[in-house]
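Reader: Before I rely on any label attached to this model, I would like to see each one set against its definition. Could you take me through a few of them?

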Amino acid sequence: MKSTIIIFTAIFFSGFLNLQVHAQSISAEKLWSTADILTTSESVCYNPDGPFFYVSCINGNPLEKDDNGFIAIVDLTGEIITQKWATGLNAPKGMGILNNSLYVTDIDRLVEISLETGKITRTYPVEGAKFLNDIAVSKNGNVFFSDMSTNKIHKLEKGIVSTWLEDESLVNPNGLYCEEKELLIGTKNGIYSVRYDDKRIWHLIADTGGIDGLEADGNGNYLISDWMGKVQLVSAENEPIVLFNTSENGINAADIEYVMDKNLLLVPTFGDNRVTAYRIIYN
């Protein structure tokens with residue numbers, strides 16, 4: 001599927017600003033899908049040291065504490081290396097890597113898993129949490145995670161969990177992405193940007209629809225998924241571009257992952273029990 005977006009490039013010289021307009025064709029090429037044994041696949045997290053990626057599988061009700069959830073490992077060709085690499089989870093969702101641990105949200109707790117063993121090494125109960133969802137890890141080692149039901153953003157810093165942000169403008173916050181100086185938050189009303197230092201908040205991109213996964217593409221744009229099956233490329237300057245939409249086929253698009261140096265978009269399909277890979281091509 002191909003779409004066209006207009007990219008504005010600003011070039012400064014001799015005190016003047018020269019705006020150049022480039023028409024660029026953007027393609028989303030489907031590469032592969034895994035076998036359908038990643039039950040209720042919700043999130044994908046890339047580990048470049050593998051290289052492979054983790055898939056969180058709810059394997060049941062997203063809010064039920066049933067001990068059915070697991071984390072799978074899948075290689076870059078879609079082969080499932082280990083279906084149940086980590087177990088002992090209820091409804092695992094967002095994931096993030098820090099040092100030698102994989103952090104996973106699990107309804108009302110944050111779980112720390114050893115990358116070496118796949119065993120849970122520590123759990124962090126989150127007071128008042130109801131639907132913990134996405135995770136993003138900042139360069140300075142803070143683990144941020146969202147709660148869709150309480151409209152809060154929590155933070156794990158040096159082993160201590162705290163509520164980092166609660167703002168009335170954040171309606172159903174879900175997808176998170178760490179920029180150098182700001183945390184981006186995908187909500188029901190678009191993408192908000194919040195500075196780490198003073199928590200100044202502004203509406204970066206509006207009218208996106210509900211956001212599940214949120215990733216930067218490395219070209220000044222963002223890739224977002226809406227859970228129902230639509231994946232878009234958005235930016236603050238241009239109209240949204242729908243890369244593909246599988247909702248009519250009943251295939252979801254949950255918490256996506258994007259590997260910039262491989263132009264590889266990984267989409268967990270939730271009720272379809274797979275992960276599907278696409279290549280994003282800029283022509």
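Author: What follows takes some labels one by one and sets the values beside the cut-offs. The model is predicted, so local features need pLDDT of at least 70 and side-chain atom pairs count only at pLDDT 80 or more, whereas totals for chains, interfaces and linings use all residues. Residues are numbered from 1 along each chain as its sequence is written, and side-chain values use heavy atoms, with hydrogens and water left out.

Reader: Why is D207 called exposed?

Author: D207 has a relative accessible area of 71%, and exposed means over 50%, buried under 20% and partly exposed in between, with a 1.4 Å probe and protein chains only; D207 is therefore exposed. Its place is in the loop between β18 (201-206) and β19 (214-216), where strands are DSSP runs of E with at least two residues, numbered from the N terminus.

Reader: How do you know that E42 has no salt bridge?

Author: A salt bridge needs a side-chain nitrogen of Lys or Arg within 4 Å of a carboxyl oxygen of Asp or Glu. For E42, the nearest side chain of opposite charge is K93, 7.0 Å away, with Lys and Arg counted as positive, Asp and Glu as negative, and His and the chain ends not counted. E42, which is buried, lies in strand β3 (residues 41-47).

Reader: What makes β21 and β22 a pair?

Author: Two strands pair if DSSP finds at least two bridges between them; β21 and strand β22 (residues 241-245) have four bridges, in the antiparallel sense, so by that definition they pair. Within this pairing Q232 stands opposite V242 in β22, and the two strands form a hairpin with six residues between them.

Reader: Why is strand β21 described as mostly covered?

Author: Four of the five residues of β21 (residues 230-234) are buried. Strand β20 (residues 222-225) is also joined to β21, by four bridges and running antiparallel, with I224 opposite Q232.
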